[in-house]
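I opened my notebook to jot down what I looked up here, one entry at a time. Follow along with the model beside you.

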Amino acid sequence: MNMTLRALLGATAMLTLAGLASAETTITVATVNNGDMVRMQGLMDDFYAKNPDIKVEWVTLEENVLRQNVTTDIATGGGQYDVMTIGTYEVPIWGKQGWLASLNDLPADYDVDDILPAIRGGLTVDGNLLAAPFYGESSMVMYRKDLMDAAGLKMPDAPTWADIEKAAAAMTDKSKEQYGICLRGKAGWGENMAFLTAMSNSFGARWFDENWVPQFDQPEWKATLDFYLNLMTQYGPPGASNNGFNENLTLFQQGKCGMWIDATVAASFVTGKDSTVADKVGFALAPDNGLGKRGNWLWAWSLAIPTSSQKQDAAKTFINWATNKDYLALVASKEGWANVPPGTRTSLYANAEYAKVPFAKMTIDSINSADPTKPTVKPVPYVGVQFVAIPEFAGMGTSVGELFSAALAGQSTADDALAAAQALVTDEMTSAGYIK
Amino acid sequence: MARSVSTRRKLFFTVAAWSVALLIFFPVLWTILTSFKTEASAVASPPELLGADWTLQNYSDVWARSDYPRFFLNSVIISIGSTVLGLLIAIPAAWSMAFVPGNKTKDLLMWMLSTKMMPAAAVLIPMYLIFQKTGLFDTRTGLVLALMLMNLPVIIWMLYTYFKEIPGEILEAARMDGASLKNEVLYILTPMAIPGIASTMLLNIILAWNEAFWTITLTTINAAPLSAFIASFSAPQGLFYAKLSAASTMAIAPILIMGWFGQKQLVRGLTFGAVK
């Protein structure tokens, strides 16, 4: 064998090896910027060690931009994303369109039965699991134990709205910029309407009756809005109509709120290092009115594969890793149990170590008490606790949210806002063909 | 007396100009200041300045979490590429409109400008589909084309206004001396219009650099510029203002510095022909 032949053979072998090395599948994951997702990106070495043939590219976007981009992509069959981070609102709608790949064939060790039933139910369409929950949340009351003690009150584990009003009155001292209660007021279907729709369930209200007729002209909605506006006007912070999650989080962390009813994931923030009241926070279930339904919502950020993806096997491998029980253990080993993505698996709440996290029990109790299929007291034709899982809801919800936010800002009365909401939603539902 | 009034007026206008300038620059200044605060300090109420907790941590976090050089390079290529391509098309177009106008030239100019008034979201789906079917999605070439088309009316209008100020007799003289059309545009018109072309170029680079709707919608990984880099630091839940401010500062710094050095050209280009 002469030198030239040897060199040629060597080069061929090297090229073959290079070819094998480059047989790597790159998947694109679209996601939101939140603590759990950022943490996952920092733990990717574990994924690459187990799956050296898959490379993950991240597209991290602001929630509304992400929603717009992934909706455009999936509706046009673009296939630009292999894994999408979507919420419980999108899953049933996109599932019915056939836009999401089934995850029923995940390996047995994924233990799909371990996913919390309430969360799993919201992500399943016609028996197909269409998204795997990365973290789940409900809503609950976060309150200042020190202010309650000073007022001589004790917060029940399962308070009523009357308890909340009484506590709010007792803890309010506007001269010290201390407000009894902070609630969402910023307009948006995922902002004030997430809170108000969930709250209305506990007052027996509903968006539609069984025939899709809007119900904003019913006494239950009036009771909800009157109570909310009175509570916020008397005991809420100024400018509350501009406050969403982050604004209220800031107020609570600065010690300006006696109570805050919002997402269970907020618990780790209000007890975290940026909070000036970290050691003074107590938790309770979202309030009720004795009607059998609490004012808490149910949401999960989940990972789904669009059917337009050309790399579904690699995408499934990634989802299996990111939402598996092993991932929770990995986070716990690296960052502690308090930083494990909450609200997805039964086994997490059976773990003695995780049970020591102060908000663990209240989170699971809140999630378990929400039922997306029977969200309110009376029967409804839709699925969803703080939303109505129909494509028209996002637009309608935001428009109604603007009316209610204007009422909170004092620009209209509750009656005017409800009448306008009734007219607006009736028009939309008639145009969309729900009302014949 | 007249001198005193003049000094007083001058002082008044100087103070007014500085006040307006500070008012306009304040959001940028506050963003830069916020980028050096801790997250808690960034949202403190009342806002903290002297007593704030200052830190460089946000910059190191942002740098560690994102591939800034890639986003930066994409922004440079897209903004310069779309500007150069736009100028290549706009110079001959503006020349013909300025020196050999037809009956419909004014209408054509107005129509071109009217395309800028169309809301971008109205053509989102067609643009998305065209980009996908032609393989332009998430490519720098695609964004260069999109931004060039978007800013072309502005470039043509600016150059048209500038060319109109150049005496037609000079071009005529060149023609009489035997200059071809190509030579007339290339060797007579363009050198005379360099200040106008430079200011148009500068403004277009700024417009392309700051464009966020299309650059975020039509990209995922490969061609995503600094607008996408900023968008990745906004969070629905949790405090993020300081890191977002750091990302914003890193994104605007290059264009801010370029604008600072080129401000004379920019002002000259924007006000040309305004006062006669």
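This is a predicted model: local features need pLDDT of at least 70, side-chain atom pairs count only at pLDDT 80 or more; totals for chains, interfaces and linings use all residues.

**Entry 1: chain A overall.** I began with contacts in chain A that have a separation of 6 or more, and 75% of them join residues 24 or more positions apart. Two residues are in contact here if their C-beta atoms, placed from the backbone, lie within 7 Å. Residues are numbered from 1 along each chain as its sequence is written, while chains are lettered from A and ligands numbered from 1 in the order in which they are written.

I then looked up the make-up of chain A and found 19 helices and 10 strands. Helices (H or I, at least four residues) and strands (E, at least two) are DSSP runs, numbered from the N terminus. Of the 436 residues of chain A, 51% count as buried. Buried means that 20 or more other C-beta atoms lie within 10 Å of a residue's own, exposed means 12 or fewer, and partly exposed is in between, with C-beta atoms placed from the backbone. The C-alpha trace of chain A spans about 95 × 55 × 35 Å along its principal axes.

**Entry 2: where the chains meet.** How many residues of chain B are in contact with chain A? I found 26 residues of chain B, in contact with 27 residues of chain A. On the chain B side, α2 (39–42), α6 and α11 (213–217) each supply at least two residues. The largest share of that side, 5 residues, comes from α6(B). By class, the side of chain B that touches chain A has 15 nonpolar, 8 polar and 3 charged residues. For these classes, Ala, Val, Leu, Ile, Met, Phe, Trp, Tyr, Cys and Pro count as nonpolar, Asp, Glu, Lys and Arg as charged, and the others, Gly among them, as polar.

**Entry 3: one residue of α6(B).** I picked Y128(B), which lies in helix α6 (residues 124–133) of chain B. Is Y128(B) buried or exposed? Y128(B) counts as buried, because it has 21 C-beta neighbours inside 10 Å. Leaving out residues up to four places away in sequence, I saw that Y128(B) touches T72(A), T76(A) and T217(B). I also checked S60(B), 68 residues from Y128(B) along the chain: the C-alpha atoms of the two are separated by 35 Å.
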